Every structure is written in structure tokens, then in C-alpha cells.
Amino acid sequence: MKAVIHIIINICRLLLAGTFIFSGYVKAIDPLGTQYKINDYLAAVHLAGVVPDWITLTASIGISALEFSLGIFLLFAIQRRLTSKLVLGFMGVMTFITLWIAIENPVKDCGCFGDAIQLSNTQTLLKNIVLLISAGVVAYRPLMMLRFVSKSNQWIVTNYTLVFIVVSSVICLYNLPMFDFRPYHIGADIRKGMEIPKDAPQPKYETTFIMSKGGVTKEFTLDNYPDSTWTFVDSKTVQTEAGYVPPIHDFSIQDITTGEDFTEQILARKGYTFLLISPHLEQADDSNFGGIDRIYEYAKQEKIPLLCLTASNEKAIKRWQDLTGAEYSFYRTDETTLKTIIRSNPGLVLLKNGVVVNKWSHNYLPKEEELRAPMEELKIGHVESDSIAGKITRIVLWFALPLILLTLADRLWAWTKWMKKKRRRNRIYQLLNKKKEHEKENCSR
């Protein structure tokens, strides 16, 4: 029975560790995306704009780092009693929150796996119930978790994990997320992402008619619509099935003043197009506007359009123009769409025939030496060959491999220590035996 309990506890421990590591990491490498989700929750409880951005951003990095670190601590069985209690408390809070969003539906996606995996609110609640039960099992007998690293070396794993995940968040905040799970990732064809297949399920609606007769009011559907003796009062239509929603369903480019739509014209253009993205120009970082102007001059020279897409009003646009001397054109796009396209304000996107070829944070704009030839001849003018497998390999080399080597060295050291103790015990046993034999010989004499 004890062996069965031991197996169950370690299965629950590995389930929790894997979920926490994945969930924490995908949020950690997209700190702005996690901050946006925190703001959605604040808006749901009517606190939008009350909490400063620096607090929500710090919370974004902190929550992601905590979740990732707890996963690693569970995996290596570090501070088993404390870690199991923290995980149980964490899952208790998360389960309560997801119960609330499952009932009230204040947000469409809880954001527990960032943009990597999207679950419905009900699916999220069921997932958290399973994890909460698993956390309870682990907290019941925390000392049954098998250690991968000796207690004396656990501080190395603890510090290395915290430094790695926080530095990863800061790097991705300064540049762009290492992995882009959004529909506007490099290589994405925006027009194809907006297409609806011919055989795609269509949304379904149900209309209810409110009718009255002889002072009695009732509701009817088309299936049981009454005769002409009933008087029509009102009707209401409710969507019963959502139907197919394309990955990109809210992308539009409109003229600031007239509202004329230029989306198809820009996406259908043959050749390159620069899009300067800024959800709010009044909040945009203007420290690198010289780099933007340099790219604009290059774009004019190569006859490449450079457009600024923003959700700001004309006053904010005028202020930006006065501040930076911007001569490029401005167009209006939905704020949420712009935040989804790129995690930088401002950020730069390069399109070719409607396909996302490259993206840059305002901190890593192309240098002057990178813009000394036609775009077609430049490396930045083509979809990067850095695959997901290559990025995962780098993570393994920088984080997983050192921990694996530490584990192997620690186990080898522990095994060597155990062998020395065993040999010492054997020597003592042999000496005791010899002493007993010697005493027997003396007694026999």
C-alpha cells in the first residue's frame, strides 16, 4: 500500500511540475501579454486604470516567475514541505478565480497558458480542479517526493531558476517574446488568416417573438408561431452557436479622418510595406524616434510605404508629429489588434505581399549598416530561418542542460559518498569480527 501511495504522489507531483513549468514559461516570455490579461481582470472588477501600469507589469513578471519556479521546485523536490504548501495555496486561489470566471464569464480566456493554448472558462475550471486535487495529494505526504538533487545543492537550482526566468522576462520585454503564438507571427499570411472556408460552420441564431392576446403575453419561436389572432409585441434574437471564427477577424486599416477602409489595398500590395505599430502614441516610447526616421528615409528611397497604425486620436497623433517630426501617414486600427500584432509600443512590422516577414521592438530597430541595399537583397527582408526547434535547443542549452549536468554530478557525488560509507562500515564490521575471533581464541586457550 505504501508503494502505491508513493507512486500516486510522484505522478501528481510530475503532473503539477509539468503544468506549472509550461504555464509559467509561456507567460514569462510574454510579460506584456500577461499584463494585458491582468488589466482585463481589473476591468472586470471595475478597477481599470486604478492600478498603475508599473504595478501590473511587475505582477506579470512576478506571477510568471513564481509559477515557473514552483514547477521546477516540485520537479527537483526542493524544500518539499514549503513548496507543496505554496502550490496548494496557489491552486486554491486560482481555482476560486476560475470558478468565478466560469460562472460570471467576465473574460473569454483566463490566460493561464498565455497565447500558446486557449481554453474555455469551463475547461480551465476543470483543469484547475484536477490540479488542486493533485496539489492536495502532494501536500498530504510531501516527503514521499523523490529528490533529484541533494539537499546541500538545492540552493544552486533555486537561484539559477529564479535568475533564469526573471532575466528571460526582462529580455523579452526589452525585445520581443522568444516564441510568438499569436496569428500575426513571422511567416503568417494575414489575408489567409482572415479567410473563412466555404464548408466552415456558420453561426446559428434563434428568434423569439413576444405576442399578446386577451391580456396574456407569451413567447413563441418560428416552430410554434401563433395564428393571426395574436398581436405582435416585440422580438429578440439570440446567437445559439458561434460558428467558425478565423484566426484573424478584427484586422482593419482605416483613414484617420474619413474612416475609409484601406485594409485590402495595403494587404494586396505587391512588394514590401512597413507598419509602425502603436496602440497609444501618447504612451509610446519616443527615445528611438531617430531610428524610425532613418527607416522612413530608407523606405522613401526604396519606394516602400511606411504607415503608422494607431488607436490614438488626432490630438495624440499631432503631438507625436510635433515631438518626432514624423512625416509618414497615420491610420486607425483597433487597439486590441495592435497589441496582438506586436508586443512593443511602438513596434515595427515588415510585410511582403501581405505576409509578415519581420518584426522589431523599438529597442532593436534595424541599424544603418543593415539598410545599405534594396530590401530584397537584405537578410531582414526575408522570413527568418530560426525555427522553433532552434529556439527550444537554445533554452535546453542555457537552462535544462546545466540542471541535468548538476543532477548527474550530484547523483554521482551522492553515490560515491554512499560507497565510501559502505566501505567504511565493511571495514568496521571486519575489524569487529577479527576482534571477536581473537577473543574466542584467547578464551579457548
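Which residue forms a salt bridge with arginine 182, the closest N and O atoms being 3.3 Å apart? In this predicted model, in which local features need pLDDT of at least 70 and side-chain atom pairs count only at pLDDT 80 or more, while totals for chains, interfaces and linings use all residues, the partner is aspartate 180. Residues are numbered from 1 along each chain as its sequence is written, and side-chain values use heavy atoms, with hydrogens and water left out.

The protein chain contains 12 helices and 9 strands, where helices (H or I, at least four residues) and strands (E, at least two) are DSSP runs numbered from the N terminus. Its radius of gyration is 31 Å, well over the 22 Å that the globule rule gives for 445 residues, so the chain is more spread out than a compact globule; the radius is taken over C-alpha atoms, and the rule is 2.2 Å times the number of residues to the power 0.38. Along the principal axes, the C-alpha trace spans about 120 × 80 × 45 Å. Of the 445 residues, 40% are buried, a class defined by under 20% relative accessible area, with exposed meaning over 50% and partly exposed in between (1.4 Å probe, protein chains only).

Two open sheets are described here, with strands taken to pair if DSSP finds at least two bridges between them. One consists of 3 strands in the order 2-1-3, with antiparallel pairing. Strand 2 (216-220) and strand 3 (231-241) stand at its edges, each with a single partner strand, so one side of each is left without a neighbour in the sheet. On average, and with direction ignored, neighbouring strands of this sheet are turned by 20 degrees against each other; axes are lines fitted to C-alpha atoms, for helices over the stretch in contact, and angles run from 0 to 180 degrees between N-to-C directions. Strand 1 (residues 204-213) is joined to strand 3 by 9 bridges, the two running antiparallel, and isoleucine 210 stands opposite aspartate 234 in strand 3.

The other open sheet has 6 strands in the order 4-7-6-5-8-9, and its pairing is mixed. Its edge strands, strand 4 (254-255) and strand 9 (355-361), each pair on one side only. Between strand 5 (residues 272-278) and strand 8 (residues 347-352), which run antiparallel, there are 6 bridges, and leucine 276 stands opposite leucine 348 in strand 8.

Salt bridges, defined by a side-chain nitrogen of Lys or Arg within 4 Å of a carboxyl oxygen of Asp or Glu, number 13. Aspartate 30 counts as buried at 9% relative accessibility, as does arginine 182 at 4%, whereas aspartate 180 is partly exposed, with a relative accessible area of 24%.

A further salt bridge is formed by the side chains of glutamate 297 and lysine 300 (3.8 Å, N to O). These residues are 3 residues apart in helix 9 (residues 289-301), and are therefore separated by about one helical turn. Glutamate 297 is partly exposed, with a relative accessible area of 41%, and lysine 300 is likewise partly exposed, at 41%. Elsewhere, salt bridges that share partners join Asp30, Asp115, Asp180, Arg182, Arg343 and Lys359 into one network.

Threonine 324 lies in helix 10 (residues 314-324) and counts as buried, at 6% relative accessibility. Its C-alpha atom is separated by 9.3 Å from that of isoleucine 292, 32 residues apart along the chain.
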